[in-house]
Amino acid sequence: MPTTYNGIGTHYYGKRKVETRENTCPHCGRESTLTSYDTRLWFVVLFLPVIPLGRKRIIDQCSVCKYHYVVDLQKWATASQLEISGALEKFRNNPTPENAIEVHKQLLGFHQTVRADEFRQKLVNDYGTNAQVQTYLGYAMVHKGRFKEARDHFENALKTRPDLPEARIGAAMGRIRDGQLDEAAGLIDFLQKPGAAQLYSLEALEMLGDAYQVKGRHSEALDIYQHLLRELPHAGQHKGFRKKVKKSEKGQRKPSILPKKKFSWKSLFQPSTPGTPGLVLTRKGLIGISAVVLVFAGIFVFQNHHIKTHRKVFVVNGFAVQQEVMVNAEKLRVGPHSVRALELPEGRHEVNFTTLKTSPIQLEIQASSYFGRWFDDAVWVINPGGTALILRNEITYAANPPPTRSTPFIGESIYQFQGITHPFTPVPETVNISGGGERVLVQLDQESAKPADLFHYLLGQKGTNEAIRYAEHVLRQDSGNLALLRTYAEVAPTLNPTQASSFLAEGLNRRPVLTEWHREYQDIVEQHFAETNLVTLYDSFLREDPTNASLLYLRGRIDESAGGKRKFFQAAVQADQNNAFGFYGLASTHMSVGEWQAAKPFLARAAELRKEDEAFRNIHDLARIATENANALAEEFRLRLKELPADLFTTQNLLQLLIAANRGEECDEVINNFQLAMDKQSPPEAIAEVAAYLTRHRLYASGQFTELEKLTSGNESIGATHSRYQALVEQGKLGEAESVKLPPEAKDYPYWSLTQGLAYHLAGNVPQAKTCFQRGVEALKKGNKDQRGAARLLMKPLPPSHEEFASVFLRPAEKAILAACIQVQFPSAAGEFSSLATKLNVERTFPYHLIRRVTQNAR
Amino acid sequence: MTHQEFEALAGRIDAKFAGNSRALRLRVLLWAILGYIGLLWWFCVVLTLAAFMWWVGIAAEVVAFNVFALVLAAWGIGSTVSTLWVRIAPPVGRELRAQEVPALFKELMDLQQKCRAPKVDRVYLVPELNAAVQEVPRLGPLGVWRKRLLLGLPLLDLLSLQELRAVIAHELAHVSRADARVGHWTYRLRRGWETFIIQYLARPKAADEVSLRDVTRKFLNWFWPRFNARALVLCRTAEYGADAQAAAIAGAENLGSALVRTAVYSRQVEEKFWPGIWQEAKDSSQPPGDVMDRISCFFSTGADEFQPIFSKCLMEVTTNTDTHPCLKQRLAALGVEDILRNKFSTLVPSGRAAGALLGAAQDSLRSELSSIWKQESSTAWQLRHQLGISLQHRIEQLQEAMPSRERDADSLWDKAHTTLQLHGEKAALPLIKEVLEAHPAHALANFSMGRILLSEDDPEGEELLERAISKDETLLPASCDLLFDFYRRRGDTAQLNALRARLDEYDVRFEAGQKERQSVSASDALLPHGLAEAELKAVQRILGEVEDLRGAWLARKKLTYFPEKKLFLLCVEVGNRWVLTVEDLEQEAIGFLLGRIELPGQALIFALRGEQRRLGKKIKKFPGSSILKR
């Protein structure tokens, strides 16, 4: 059937040789006008005929449902002529009634109504007394809906052969149409005989039953239906028949004549209209489907090819510096901690990390299968040096979604991921999900934090081993990453000092010398290994490169004597006037005995040379706090904070300077300013925590221990607990201080035990003080070379010499504790060491006040 | 495949595998596998498509694909199951137990051992004059065979104990050779294809429908005769094998004697006993309850007819469509033909095996079996009884309508035909003769008369059938079937071959001839019209009546089949050749001519500039085709 959609499609235009007849539609089963005509099929646009698609003969188009048959007009016309002329020829040669009927059938069948009527007239004349011919003509007229003429033919037939069943049936049907039911019943009485269904069609009988029903003669209708049921038992399962019987049974007080309805699954799948062939595939349908399939196949093939030639590749830079990557001959620059997308065809590609200067690697882009391209959502990631941490996040959207599942990937230069819905793009906040289901999106993301932060992230998420593996991988690529190096050196030796030292040893031969790297190496070796060959090692380095300032500095660091150290540091400075570490070494020889004034120029020079290293500036600031006017320095620090408002170390120093200058009331403003500076970049919890820290620092620095105790009371955070402990110790509430729950590792800190010893000493509890000192010494013994040196000083039966004290290099605050302990342990040298402790006790952090009281007592 | 080709193929197979039944069996099994592949390949396509859709659904995470795949798979599996589902109904009969007929089971045990046949699971007493074994798989395609032995009570009544032993040995030989299994798979394949044909191939084809049904039909037409040729040869070979084994155990003479008795009485039972029983249906609404007693009595009668029927049975020949060899060949293979010819010069009483094997249970079993038959045939009996009433009413109506008037051919034939249906051939014969006397060319009367005569082995029937065919060619296939059976019974192989050739020719000519006449095109070869002067003039006169006719050309399509039935092609040029819109004029002219021109054959009249313009140009150029020019 021609169809149009929004005026586009196929349509018949034109009607010629129209023929109509009233009859039952074979499709919808309703009485309607069936029309046949010649027409032309057009392809139409807005119902305007555009392309002719051929001439057609429409056969029996139902006026109700429009269902019809259609044949090619040319074939129809040819077949019509050939069949009719063939039948006519046969009739001319052998003019029997059968052949005459055949000619008339052909004429009617090919809609040659005029010729058929002419021929019918001939048949009436020639075979007027032939009952078979008359009966045929009767049925032919019924077929054409010409019931009056049909009736005449049936009557003619009955005149000749009143016994002829077909004629009686035809005449009866005519009478039923005319409402003469009793006459009709008499004509078809033979159909009510047992076994009639084996000889005749019982359609006329059913028609009579239906007519009785329409007239309200239900009893007679039921008699007929009962006979039909006896003859054709399967009719009892027919829906339409059952309906008719039930209608006539309504109001009758007799049991139903219908058999029990059988359930059949098949009936559910049978076409609703009897006689329809069901779903069939026609040639046009096949062409249409093929065209649609071809179009879709073409689209799919094109899309597949497009995917093949436009594979998603991402270059991820985990370095803090820009990386240059060559893919095939194309140069790409990728910014620090950023991602760059590109599209490459499938195949083998050469990738060259120009910045890293490593060997080229091959990137193989290949689909899992041809069809897999549509569904694999594959992404390839180039990770120069393997330093970027790539997270594969599975985000589930649901009413109660599970937490996001993140899988980190690091260490490889090439990755292939499947099923990535959001490669390096943010996932939506919400998605629409129907019916309470869930949806999972898979995102690739680069963790853009600094390597040291990533190290901490991995430490928390994946454990120490993974974090160390990551750190070592990054440090191999980026040995200058000091933050990561320090973090690594802090964590790795606690797990496996041998591995940590071996890893660091890998970098010792690199030139230029990585001073920080060597320092960490030296520290690990000195702390974790009793026997070291560090001196031999560095002497060998120096033999190879005797004027290397860094090596000279490093050699000085591990020298046993203060004099020896100074000699190497001086040599380093002489070898390279720009070697910050050399200056720092020289400064440290002075700082170890509290000679801040002497150390200050060296520290100033070192800080100048390494402006990017806050540690140098901080130690220089400390020297200045120890030596310069607090008010003036405070103003300088204020100026610096205007430039760097979120500088915590400077803020901390400013606070202690203001307190020293009795300008404590300005401290709140400083803390507020710091908070405001932090507001722009930090989360509120972090700001509150830092503000609390600074407040605690201010309270301790100003000696307001009661307030500090109050402030921290009930706060179980690590910082608050520490501050409460410090406040209690400073107030001499040692028993309460003991009960403060500090982290276990805090008690392993040797200076904690030593400080506790000093506190007990001040409290007059000598035995307890001794116990604490002893515990402190034991802890020092487990430390690095200088800590072990400090332990040795404390264990000596006699007070250590100035030279011996000077040869131990510790942080000033630690050294102040050491000096205070020596002062307490060796009363004979109390004067000298209390003086040293006072000089070294510069930072107003715990145990600043305790040491002050210890040294004041000595004096 | 034509009948002759089938015959030749069967002959070749018979010769090729003579004495090598194992190779033939293997070949039949391979063909059966091919048949199953042909039957099920498109289900595999459907299932593959379903699997692909499922994969797409999984890969693309589109549930609709999965649902579609499941529906497709369910439909495919459902269709497969419905096609392959073959329900083997249990035999209609009475299952026998060893306790009630110990003698029979003792004989059976003895024969099983001798035949080295596996144990028969169930034994049934059935109402047919026959014995058979069935092997039915318990688990469908997985096998685990159940063996059933079916023994007809009439057979036990007819044969002596020794003869029956030979028959049972023959059936057990089939079991030991696993012939029934091959038969079972062949049967399943046949039923599968039947289901497939009913469900798919026999469905009316919609206009312009595209389906693989034509391909499948072609495959079926190619496969089935080739498979059948092999399977039928195997069946006959198996019969010889089973006969030989049975003869070795029970004696060749006993087996031969059993075959003779069964052959003779089968014919008698089919032609006389059962028609007699069913004739009772017109008077009685219930089937008789003693049919087994009656058949037993029937065997005691007709001794004088035995010898002529035996002789006729020996005349029968085997054709390649038979599952069993003819009696003569089987007796010859057993080497007992001459002995039995002498032995059965008169009917030799058998001394009935029923008494010996069924013992005291005989009467009760006979009664039970009669009841079973009564129950099984009651529906068909009722229908037959009701049909009898209707037919009787029809006869009465015919007599009432024209008691005294001279009857026309139609009413005479109606009465004869109705009588034939109601009372059978004997009663209808005078009426048919009456029709033929009045109307000697009456096709159906000739056909019916011919059929009756051939069933009585009267060769006059041949002529009547030929007369019927000449009057109505559509009666040819049915007539050939009757003739084929007649010649086979007479052992007339020459006539059988001629008949095959005739059927083949008819099939080819009928189908191809129809196809040839369905269409015309410019590629058709042409012939001069060949009309006589007067005929041509008549045509020209009518053409001259068409005002706008510019020219007319007449030729004939060259036909390969039935060339005597001519097909004329009349091409007309209407209207001014420089005017494009002449279609209406052309149609009007053709419509005018169609009703008037009479050509001695089929005719196609078309316009020179119409859609058949290429054919028109070809006719225009054909020498002597121009019959009018203005």
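This is a predicted model: local features need pLDDT of at least 70, side-chain atom pairs count only at pLDDT 80 or more; totals for chains, interfaces and linings use all residues.
Scores first. The model comes with ipTM 0.79 and pTM 0.60. For chain B, the mean pLDDT is 85, with 95% of residues at 70 or more.

Now the cores. The largest nonpolar core holds 69 residues, and the members touching the most others are V123(B), I168(B) and V260(B). Helix α9 of chain B, residues 252-279, puts in the largest share of this core, at ten residues. There's also a second, separate core of 60 residues; among its members are Y136(A), I224(A), L229(A) and A235(A).

If you want to look around V123(B), skip its neighbours within four places in sequence and you'll find contacts with R94(B), E95(B), L96(B), L104(B), F105(B), L108(B), L149(B) and L151(B).

Over in chain A, five strands make an open sheet, ordered β1-β2-β3-β4-β5, with antiparallel pairing. β1 and β5 of chain A sit at the edges with a single partner strand each, so one side of each has no neighbour in the sheet.

Here are some elements of chain A with their residue ranges:

| Element | Residues |
|---|---|
| β1(A) | 4-5 |
| β3(A) | 31-45 |
| β4(A) | 48-62 |
| β5(A) | 69-72 |
| α1(A) | 73-93 |

What links β4(A) to β5(A)? The two strands pair in the antiparallel sense over four bridges, and I58(A) has V70(A) in β5(A) as its bridge partner. Helix α1 of chain A lies across β3, β4 and β5 of that chain, running at about 80° to β5(A).

Technical notes. Residues are numbered from 1 along each chain as its sequence is written. Chains are lettered from A and ligands numbered from 1 in the order in which they are written. Side-chain values use heavy atoms; hydrogens and water are left out. pLDDT is the predictor's confidence in each residue, from 0 to 100. A nonpolar core is a set of buried Ala, Val, Leu, Ile, Met, Phe, Trp, Tyr and Cys residues joined through side-chain atoms within 4.5 Å. Buried means under 20% relative accessible area, exposed over 50%, partly exposed in between (1.4 Å probe, protein chains only). Contact means heavy atoms within 4.5 Å. Two strands pair if DSSP finds at least two bridges between them. Axes are lines fitted to C-alpha atoms, for helices over the stretch in contact, and angles run from 0 to 180 degrees between N-to-C directions.
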